Amino acid sequence: MSDTVLVELADGVLSLTLNRPEKLNSFNEEMHMALRAGIQRAHDDVTVRAVLITGSGRGFCAGQDLGDRDPRKGTPAPDLGNTLETFYNPTLRLIRALNKPVICAVNGVAAGAGANIAIACDIVFAAKSARFIQAFSKIGLIPDAGGTFNLTRILGEPRAKALTMLAEPLSAEDAASWGLIWKAVDDETLLDEALATARKLAKGATFGLGLTKQLIQASASNSLDDQLDLERDAQQKAGKSADYAEGVTAFLEKRAAEFKGK
Ligand code: LHQ
């Protein structure tokens with residue numbers, strides 16, 4: 001098992017900690033595969049009801065490890081399309097397809113694909129000292145890992161274009177006030193707050209949360225009519241879930257619900 005991602009399962013929360021701190025947790029192939037395996041486990045393991053992604057050390061993730069493809073080595077130009085298809089895109093798709101909440105605790109700088117992986121998570125907390133940098137333009141690349149999709153939809157064209165073309169750092173507090181993340185919190189409380197949220201969700205009606213996530217994601221490319229149809233179908237499923245029966249029963253019995261995520 002690789003130590004480039006630390007994996008821990010407790011209280012229904014699978015914590016995945018990017019762990020190459022000396023390189024600000026930038027991605028090499030090993031860390032890609034370890035993160036992918038962690039998220040795949042969240043798909044496969046019914047005892048996992050929420051995921052928390054964070055980084056060790058002072059950074060969250062500085063994107064691709066640029067030392068991995070050193071142009072000074074004189075090797076032919078790499079096929080970065082293939083890198084995306086092989087490593088980044090499957091992970092992005094897995095995070096979005098996972099029918100369980102993915103919480104991200106951005107503990108420090110998030111640059112390049114590291115920023116865009118964070119933004120692709122469902123609920124993003126960031127330490128007030130963290131910065132988000134669309135670093136791609138500084139090295140002649142385009143914003144990947146879903147950046148052109150998510151930034152444009154969340155921020156609109158003017159801010160998406162300026163952020164990506166200028167590659168200026170965006171503070172955690174500005175990211176929160178722009179709606180790019182959920183909350184900027186004190187550095188000292190980041191992990192506790194993110195973990196408490198993950199634990200709360202893991203105890204929640206996760207069957208319905210999974211449906212909610214998929215509906216909200218689908219809305220970006222749907223008409224209102226399409227979306228109303230999807231809501232009808234999803235509510236039909238939710239209404240047949242054990243979580244719904246338990247939620248209503250607990251309400252009527254004036255007690256806390258015990259959801260099972262089914
Ligand atoms: C790093 C890195 C790094 C290696 C810090 N690699 N060592 C997809 C397809 C395929 C290929 C290309 O990329 C992509 C997607 C992408 O992600 S492209 C964007 C790649 N990332 C970047 O361009 C960011 C590069 N890093 C930085 O600009 C800075 O390090 C930031 C602004 C993130 C942090 O700055 P500082 O806080 O001043 O830290 P630092 O620069 O001193 O970094 C600390 C160490 O981490 C340092 O190593 P050293 O041995 O000198 O202590 C850096 O070399 C290393 N490091 N990022 N991406």
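The centres of domain 1 and domain 2 lie 27 Å apart, taken over C-alpha atoms. Domain 1 covers 5-202 and domain 2 covers 206-252; these bounds come from an automatic or database domain assignment.

A word on the source. This is a predicted model, where local features need pLDDT of at least 70, side-chain atom pairs count only at pLDDT 80 or more, and totals for chains, interfaces and linings use all residues. Residues are numbered from 1 along each chain as its sequence is written, and side-chain values use heavy atoms, with hydrogens and water left out.

Now the contact, meaning heavy atoms within 4.5 Å. Domain 1 puts in 14 residues and domain 2 puts in seven residues. About 780 Å² is buried between domain 1 and domain 2. That is accessible area (1.4 Å probe) lost on putting the two parts together, summed over both. Carbon and sulfur atoms give 46% of this buried area. On the domain 1 side, Arg49, Arg96 and Asn99 supply 54% of the area buried against domain 2, more than any other three residues.

Which residue does aspartate 122 pair with? The partner is lysine 213, with the closest N and O atoms 2.8 Å apart.

Last, the elements. α2 (80-97), α4 (147-155) and α7 (190-202) each give two or more residues to the side of domain 1 that touches domain 2. These helices are DSSP runs (H or I, at least four residues), numbered from the N terminus. α2 gives the most, with three residues.

Definitions and conventions:
A salt bridge is a side-chain nitrogen of Lys or Arg within 4 Å of a carboxyl oxygen of Asp or Glu.
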